[in-house]
Amino acid sequence: MKKATSIKTRITIWYTMLMLAMIAVVLTLVGTLSYQLSLDNVEKSVKLQVTQISEKLETRQRDVFESIDDDEEFKNVSVYSMDQKHIAGQYSYDIANIAFREGEPRRETVGEKEYIVYDVFKHGAPGERNGFWIRGAESVNSTVLLGRSAIVVTLVVIPLILILTAWGGYYITKKAFLPIYGIIQTANEIAAQKDVSRRIEIVPNAREDELYHLSVTLNRMLGKIEHLILQEKRFTSDASHELRTPVSVILAQGEYLLDIAQTEKERELSQSIVDQAKQVSKLISHLLLLTRMDQNRQAFHKEKVDLGVLADIVVDTQMSVAEKKGILLLTSVEENTIVDADEALLLSAMNNLVSNGIKYGKDSGYVSISATKVNGRTEIIVADNGIGIPKENLEQIWERFFRIDSVRNDEYGSCGLGLAVVKSIVELHGGSIFVESEYGAGTRFTILL
Ligand code: ADP
């Protein structure tokens with residue numbers, strides 16, 4: 001299965017990751033540089049403090065030890081005797097234990113801590129035996145070195161920048177893709193309502209970007225499709241109208257020939273003319289009804305229709321055909337099941353369903369019509385125990401001129417328009433229809449009004 005990540009999300013993730021990588025690189029560079037700078041500063045400050053104390057000792061300033069102890073200025077300096085005993089200034093076990101060594105400031109590690117250490121040995125005055133070790137030492141702690149501003153940047157500014165990047169990226173792409181949602185919505189509406197007269201809305205003064213051109217092109221294509229569909233409908237409608245009169249004439253004359261037929265051969269031939277003419281006449285009336293409904297030209301008179309009465313009419317109409325196959329017609333309609341519908345159209349839909357039930361029913365089987373009110377809706381069910389419909393054809397049976405097995409159906413006199421007509425009628429009433437079937441066992445059509 002394909003992952004359902006929108007372009008919006010993917011772009012946002014990409015920019016956020018890119019920003020994160022950029023921040024990481026910049027931070028590493030800035031961090032390394034400022035660490036080096038801070039290290040230099042620590043070295044300088046330690047050296048300066050030691051030098052100043054060293055000068056004070058040279059000039060024998062009396063208060064030199066007190067100033068080491070008290071002055072904040074010399075907080076990183078301590079003085080030791082020649083045998084390395086602590087005399088004054090900063091003291092910690094770690095610092096006192098680092099071996100004394102003259103030279104430039106150096107880095108010393110004690111346990112897990114690191115120090116910048118600078119030692120100077122001061123000889124006593126001539127004739128004096130004593131001398132002092134002056135030690136400057138400051139711990140090198142990276143957070144101290146980087147300072148508070150770096151912590152603020154890491155904990156506050158960077159997350160803020162990331163949130164802004166993600167939100168900004170998401171917002172901009174969402175706005176940029178708005179026309180796409182319009183296109184998707186219109187396409188869905190066209191598919192759902194089968195209304196090709198709809199167009200994608202183009203906002204006045206819209207920026208003429210790629211999506212604008214896409215919308216204009218799609219609208220132009222929809223216009224072309226609508227024109228073609230209208231042309232086809234007009235052709236079907238005109239052709240059906242033109243054929244209606246000649247077919248009626250053929251039918252009437254065929255019936256006349258059947259009446260006056262003298263021989264068996266003449267009767268057989270004229271019967272065939274009548275049957276075929278009836279078949280074409282039914283096809284034409286289906287086509288006309290469908291095109292009228294497609295073009296919203298079908299007269300539609302809603303009235304209170306009693307489904308019990310309607311079922312009885314259907315049974316009366318279909319009785320003779322059903323009897324020929326020994327098929328039982330059953331009705332089970334709750335009393336007073338009334339619907340708002342166009343009686344003639346609903347009758348036509350039910351006649352089609354029942355006639356299919358008989359056509360595709362097994363000898364001595366049954367076709368049943370039932371109707372009930374369910375949750376404020378009316379449910380009409382036409383069921384049979386006939387040959388059934390293969391699973392793979394269940395979707396296609398509603399298509400115009402679709403017949404499951406055209407050779408087999410010809411003997412039943414079918415044209416593949418019946419169910420298309422039924423569906424259009426039901427939808428004209430704002431209802432829906434669905435089918436359940438088991439191949440070889442029977443079929444059940446349910447209309448919800
Ligand atoms: P047709 O004029 O061929 O009956 P329909 O549109 O009424 O056209 O039906 C389309 C196809 O659906 C039929 O050809 C038939 O194969 C199948 N079909 C319809 N109703 C039934 C049913 N009750 N039982 C079995 N198959 C059916």
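## Salt bridge between Arg444 and Glu436

The side chains of Arg444 and Glu436 form a salt bridge with an N to O distance of 3.3 Å; the term denotes a side-chain nitrogen of Lys or Arg within 4 Å of a carboxyl oxygen of Asp or Glu. Arg444 is partly exposed because its relative accessibility is 37%, and Glu436, with a relative accessible area of 39%, is partly exposed. Here buried means under 20% relative accessible area, exposed over 50%, and partly exposed in between (1.4 Å probe, protein chains only).

## Basis and confidence of the model

The structure is a predicted model in which local features need pLDDT of at least 70 and side-chain atom pairs count only at pLDDT 80 or more, whereas totals for chains, interfaces and linings use all residues. Residues are numbered from 1 along each chain as its sequence is written, and side-chain values use heavy atoms, with hydrogens and water left out.

The mean pLDDT (the predictor's confidence in each residue, from 0 to 100) of the protein is 86, and 93% of its residues reach 70 or more. Helices (H or I, at least four residues) and strands (E, at least two) are DSSP runs numbered from the N terminus. Where pLDDT is low, the predicted coordinates should not be read in detail.

## Further salt bridges

The count of salt bridges comes to 14. One of them joins the side chains of Glu108 and Arg106 at 2.7 Å, N to O. Glu108 is buried at a relative accessible area of 19%, and Arg106 is buried at 9%.

Another salt bridge pairs the side chains of Glu226 and Arg199 at 2.6 Å, N to O. Glu226 lies in helix 6 (residues 210-260) and Arg199 in the loop between helix 5 (178-193) and helix 6, so the pair ties together parts that are 27 residues apart in sequence. Arg199 has a relative accessible area of 27% and is therefore partly exposed.

## Negative surface patch

Asp63, Glu66, Asp69, Asp70, Asp71, Glu72 and Glu73 form a negative surface patch. Patches consist of residues with over 30% relative accessible area and no salt bridge, like charges being joined within 9 Å and nonpolar side chains (Val, Leu, Ile, Met, Phe, Trp, Tyr) within 5 Å.

Definitions and conventions: Accessible areas come from the Shrake-Rupley method with a 1.4 Å probe; for residues, only the protein chains shown count as cover. Lys and Arg count as positive and Asp and Glu as negative; His and the chain ends are not counted. The place of a charge is taken as NZ of Lys, CZ of Arg, CG of Asp or CD of Glu.
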